[in-house]
Amino acid sequence: MKRLLWVLPAVLLLAACASQGTTSGATAGPAFGGGTDASAVTAAKPGVAVGAPPQGSEIGSNGVPVPQAFDPTRSVILTANIAMKATDPWATAEKAQSVAIDLGGDVIGLNESGSKDDRVASLTLRVPSAQFTEALRRLRALDADVTSSTVNGQDVSDQFVDLKARLAAKQAEEDRYNALLTRASTVDEILKVDAALSNVRTQIEQLQGQVNSINSRTQFSTITVSVAPAIAPVGTPSSAWDPAKTVAQAFATLAAVLRGFADAAIWLLVFGWIPLVVLAILLVLTRGRRAVRSPA
């Protein structure tokens with residue numbers, strides 16, 4: 001009986017130690033490469049984009065970088081200027097217009113001039129800002145050689161927020177004047193409140209116009225495209241001997257020489273008698289002088 005009393009506590013103690021070791025092993029297991037990996041820890045961090053493509057630029061079909069780093073949460077006025085050379089500038093201008101129209105934009109300016117090999121074209125396109133990058137990519141993919149490309153962005157977020165805040169303040173002031181106008185009891189009070197209300201409404205219209213202008217310029221981007229004619233390479237003259245060409249040149253030279261002799265003969269026939277007449281006069285005069293001197 002005494003032995004049983006000693007064995008029972010030992011068994012309970014061993015069971016408690018075994019359960020404690022199992023719990024600690026389950027807790028420490030993931031720390032040594034069991035359950036959670038580094039990618040899961042990174043994904044749990046706020047503000048870190050996992051697997052996102054790198055920000056920067058994408059190379060277009062003509063080797064010109066296409067910007068990709070514009071922040072869509074900011075109010076940015078985007079403009080671009082593209083200069084290119086094409087075999088037929090007018091046909092390239094038509095394709096550029098189709099690009100803008102297909103993306104939901106329009107053409108706000110077009111100028112085409114020249115004739116045959118001297119044709120030039122310049123046009124101004126307006127496309128939705130969300131399609132700005134796609135428009136640049138399609139324009140650079142046209143059958144033309146891009147010589148220069150410039151992309152500009154003007155951040156007007158602060159100006160836009162300030163204008164909307166001023167507009168809201170003026171609208172609240174308008175509401176207060178409207179409330180005062182309903183309480184005015186005399187003609188003088190009505191005139192004063194009405195004058196102030198008219199001034200506030202004018203300011204509201206001006207601010208609203210500025211807000212609408214900035215909103216329109218940020219919603220649509222402007223792309224200016226100029227297309228010049230491509231200069232054809234000048235062919236080098238062939239150094240191989242061509243007998244037919246030599247014979248043709250010889251006949252051409254002979255014809256030129258004969259034509260020169262014919263011209264000279266014609267000149268002699270037309271003006272050759274003048275020296276003969278002068279010579280005959282000189283001979284008559286000379287004989288007359290000798291006849292006068294001989295009797296003396």
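This briefing covers helix packing and aromatic-ring contacts in the structure above. The model is predicted: local features need pLDDT of at least 70 and side-chain atom pairs count only at pLDDT 80 or more, while totals for chains, interfaces and linings use all residues. Residues are numbered from 1 along each chain as its sequence is written, and side-chain values use heavy atoms, with hydrogens and water left out.

**Helices H3 and H4**

- Helix H3 (residues 89-102) packs with helix H4 (residues 132-140) at an angle of about 155°, the axes being 10 Å apart; helices are DSSP runs of H or I with at least four residues, numbered from the N terminus.
- H3 is therefore roughly antiparallel to H4 (an angle over 145 degrees, taken between N-to-C directions on a scale from 0 to 180 degrees, with axes fitted to C-alpha atoms over the stretch in contact).
- Ala96, Val99 and Asp102 of H3 meet Ala135, Arg138 and Leu139 of H4, where contact means heavy atoms within 4.5 Å.
- Four nonpolar, no polar and two charged residues make up this contact of H3 with H4 (Ala, Val, Leu, Ile, Met, Phe, Trp, Tyr, Cys and Pro count as nonpolar, Asp, Glu, Lys and Arg as charged, and the others, Gly among them, as polar).

**Helices H5 and H6**

- Helix H5 (residues 157-183) and helix H6 (residues 187-219) cross at roughly 155°, and their axes come within 9 Å.
- This angle makes H5 roughly antiparallel to H6.
- The contact of H5 with H6 comprises 15 nonpolar, seven polar and six charged residues.

**Charges over rings**

- The charged end of Arg119 is placed over the ring of Trp90, 4.1 Å from its centre (the criterion is NZ of Lys or CZ of Arg within 6 Å of the ring centre and within 35 degrees of the ring normal).
- Arg126 lies over the face of Phe220, 5.3 Å from the ring centre.

Technical notes
Helices (H or I, at least four residues) and strands (E, at least two) are DSSP runs, numbered from the N terminus. Angles under 35 degrees count as roughly parallel, over 145 as roughly antiparallel, 65 to 115 as roughly perpendicular and the rest as oblique.
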